[in-house]
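Subject: Structure for your files

Hello,

Here is the structure you were expecting. My notes on what turned up in it follow below.

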Amino acid sequence: CKDIDECATGTHNCRADQVCVNLRGSFSCQCPPGYQKRGDQCVDIDECTLPPYCHHRCMNTPGSYYCQCNAGFQLASNNHTCVDINECDANNPCAQQCYNILGSFICQCNPGFELSSDRINCEDTDECRTSSYICQYQCVNEPGKFSCVCPEGYQVVGGRTCQDINECETTNECREDEICWNYHGGFRCYPRNPCQEPYVLTSENRCVCPVSNAICRELPYSVVYKYMSIRSDRTVPSDIFQIQATTIYPNTINTFRIKSGNENGEFYLRQTSAVSAMLVLVKSLTGPREHIVDLEMLTVNSLNYRTSSVLRLTIIVGPYAF
């Protein structure tokens, strides 16, 4: 006897949605993969309700299913596991620096830039607006950075601070009969021989009126020329210059006073000893400007002999407070 294949001859009674399976001496009606019998019908098996087939999300289809991954992941070759997408390697979305994280990425900017509101692009950071003290004089914003500049007569030191340029050492433009005097923010040329008749030059910056000249009896015996520079808007009160007798005579009394140049009361002369006094700045000075102050020392001896000497102090106030 030879088995009859009912499935091949079509003599089975399986439904159209069923699969005929030949058996020895018989046949069986089975459901295709992904379906299960319920009574005489084949109904779809919802694989997504069974133990997890998928790493992230399961999508059921008639007779089958497929897996989906969350944003930032992609299906592995087994079609079940989800692996992270390295967005920085695949298609760098960041304008500058990209850092991959699990399921996503973050963007960062180079120094001097900050993230835009879209968290992808970078905008220049205006460091000059963050603080008014970032530069001593003036801040200039540049893409990704900033620089400090100084006014004429100064140079940038340490990237932010302004330092006076000593033009007398670099570009001395004074004549041979002049001396160069550097001050904060510039320089000036003064005559090497500042003496005016009837005074004669005896040493550097020192002029003496000869006693043999009758005119000199009513004039200070000597005039010494000194120069100094101070910054603008200096804190007051402030000791700025000391005057001292160069020759001390016995049995004499010295007194000091501001002879001229203090019409607005910017200075005060404080006697510190029998032979010295200190010039005090009591009102703040704003530059650029020049003050010429005559400081006089009167000397009187026991025989009522009087003589005087003058120190002519030229004070140059710089244009800035640095």
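The structure holds 16 disulfides, where a disulfide is taken as a pair of cysteine sulfur atoms within 2.5 Å. This is a predicted model, so local features need pLDDT of at least 70 and side-chain atom pairs count only at pLDDT 80 or more, while totals for chains, interfaces and linings use all residues. Residues are numbered from 1 along each chain as its sequence is written, and side-chain values use heavy atoms, with hydrogens and water left out.

Disulfides

Among the disulfides is the one between Cys 54 and Cys 67, with sulfur atoms 1.9 Å apart. The link of Cys 54 and Cys 67 is left-handed, with -80° about the S-S bond. This pair links distant parts of the chain, 13 residues apart: Cys 54 is in the loop between β4 (41-44) and β5 (57-61), and Cys 67 is in strand β6 (residues 64-68). Strands (E, at least two residues) and helices (H or I, at least four) are DSSP runs, numbered from the N terminus. Cys 54 and Cys 67 are buried; buried means under 20% relative accessible area, exposed means over 50%, and partly exposed is in between (1.4 Å probe, protein chains only).

Cys 69 and Cys 82 also form a disulfide, and their sulfur atoms are 2.0 Å apart. The torsion about that S-S bond is about -95°, so the disulfide of Cys 69 and Cys 82 is left-handed. Cys 69 sits in the loop between β6 and β7 (73-75) and Cys 82 in strand β8 (residues 82-84), so the pair links distant parts of the chain, 13 residues apart. Cys 69 counts as buried because its relative accessibility is 14%, and Cys 82 counts as buried because its relative accessibility is 6%.

Another disulfide joins Cys 135 to Cys 148, at 1.8 Å from S to S. The link of Cys 135 and Cys 148 is left-handed, with -75° about the S-S bond. Cys 135 lies in the loop between α3 (127-130) and β13 (138-142), and Cys 148 in strand β14 (residues 145-149), so the pair ties together parts that are 13 residues apart in sequence. Both of these cysteines, Cys 135 and Cys 148, are buried.

The open sheet

An open sheet of 6 strands runs in the order β19-β20-β21-β27-β26-β23, with mixed pairing; two strands pair if DSSP finds at least two bridges between them. β19 (200-203) and β23 (252-260) stand at the edges with a single partner strand each, so one side of each is left without a neighbour in the sheet. From one strand to the next, the twist averages 30°, with axes as lines fitted to C-alpha atoms (for helices over the stretch in contact) and angles from 0 to 180 degrees between N-to-C directions.

Strand β26 (residues 289-301) and strand β27 (residues 306-317) pair in the antiparallel sense over 12 bridges. In β27, Arg 312 is the bridge partner of Asp 294, and Thr 307 is the bridge partner of Thr 299. The hairpin of β26 and β27 has 4 residues between the strands, and Asn 304 there takes a positive phi near 65°.

β21 and β27 pair in the parallel sense over 9 bridges. In β27, Leu 311 is the bridge partner of Val 224. Ser 222 is in strand β21 (residues 222-230) and is buried, with a relative accessible area of 2%. Leaving out residues up to four places away in sequence, Ser 222 touches Tyr 199, Arg 206, Cys 207, Val 208, Ser 308, Ser 309 and Val 310; contact means heavy atoms within 4.5 Å.

Backbone points

Most residues other than glycine have a negative phi, and most peptide bonds are trans. The peptide bond joining Glu 197 and Pro 198 is cis, with omega about 5°, and Pro 198 is in the loop between β18 (186-191) and β19. The bond from Val 236 to Pro 237 is also cis, with omega near -5°; Pro 237 is in the loop between β21 and β22 (238-244).

Asp 233 is found in the loop between β21 and β22. Asp 233 is not a glycine but has a positive phi of about 55°, and at 43% relative accessibility it counts as partly exposed. Arg 119, in the loop between β11 (113-115) and β12 (122-124), has a positive phi of about 65° and is not a glycine either. Arg 119 is exposed, with a relative accessible area of 53%.

Regards
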